[in-house]
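Here is a quick tour of one chain, going from the overall fold down to single side chains. Have the viewer open while you read.

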Amino acid sequence: RNVFEAGLKHYASEVPFVLQYLDFLSSFNDDNNTRVVFEKVLADDSGLERSQALEIWNKFVEFEYSRGDLSAIQKVEKRRAQNFPELP
């Protein structure tokens, strides 16, 4: 995990790296830290392009559907909708 965390400082805008890190944390059922990484990467200053951010948002929603409760799912879906109002 420490290697990924160090890499995140330099590669937060590299979607394949971020997705690999999220999968790694998720595979250990480390839900709290997985959510922290989602939040870090989706922060306004992360440097992600809009299309890249959508990919991460979709992964976040997928994660909450598999691990979260109804409230968590609704919160993430609402936040994604606020960032991407053009989505259905």
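## Overall fold

From the N terminus on, the elements run α-α-α-α-α. That makes five helices and zero strands. Keep in mind that this is a predicted model. The radius of gyration is 12 Å, close to the 12 Å that the globule rule gives for 88 residues, so the chain is as compact as a globular protein of that length.

If you want to set up a box, the C-alpha atoms fill roughly 35 × 30 × 15 Å along the principal axes. Of the 88 residues, 35% count as buried. As for contacts with a separation of 6 or more, 47% of them come from residues 24 or more positions apart.

## The nonpolar core

The largest nonpolar core has 22 residues, and the members that touch the most others are L8, V37, V41, L48, I56, W57 and F60. Four helices each put at least two residues into this core: α1 (2-11), α2 (15-27), α3 (31-42) and α4 (50-67).

Skip its neighbours within four places in sequence, and I56 is in contact with V15, V18, L19, F38, V41, L42 and L48.

## A buried arginine

Now for R80, which sits in helix α5 (residues 70-83).

R80 does have a polar contact, though: its side chain meets the side chain of N58 at 2.7 Å. Leaving out residues up to four places away in sequence, R80 touches L54, W57, N58, V61 and L87.

## Salt bridges across the fold

Side chains of opposite charge can pair when their charged atoms come close. How many salt bridges does the chain have? The count comes to seven. One of them joins D23 and K59, with the closest N and O atoms 3.0 Å apart. D23 lies in helix α2 and K59 in helix α4, so this pair ties together parts that are 36 residues apart in sequence. Both ends are partly exposed, with a relative accessible area of 36% for D23 and 21% for K59. The pair also belongs to a network of salt bridges that links D23, K59 and E62.

Another one is D31 with R67, where the closest N and O atoms are 2.7 Å apart. Since D31 is in helix α3 and R67 in helix α4, this pair also ties together parts 36 residues apart in sequence. R67 is partly exposed, at 28% relative accessible area.

Then there's R79 with E39, again with the closest N and O atoms 2.7 Å apart. This pair links distant parts of the chain, with R79 in helix α5 and E39 in helix α3, 40 residues apart. R79 is partly exposed at 29% relative accessible area, and E39 counts as partly exposed at 35%.

Methods
Residues numbered from 1 in each chain as written. Predicted model: local features only at pLDDT ≥ 70, side-chain atom pairs only at ≥ 80, totals over all residues. Heavy atoms only, no water. Core = buried A, V, L, I, M, F, W, Y, C linked by side-chain atoms within 4.5 Å. Buried < 20%, exposed > 50% of the residue type's maximum accessible area, 1.4 Å probe, protein only. Contact = heavy atoms within 4.5 Å. Polar contact = N/O pair within 3.5 Å; in protein donor to acceptor, adjacent residues only side chain to side chain. Salt bridge = Lys/Arg side-chain N within 4 Å of Asp/Glu carboxyl O. Rg over C-alpha atoms; globule rule 2.2 N^0.38 Å.
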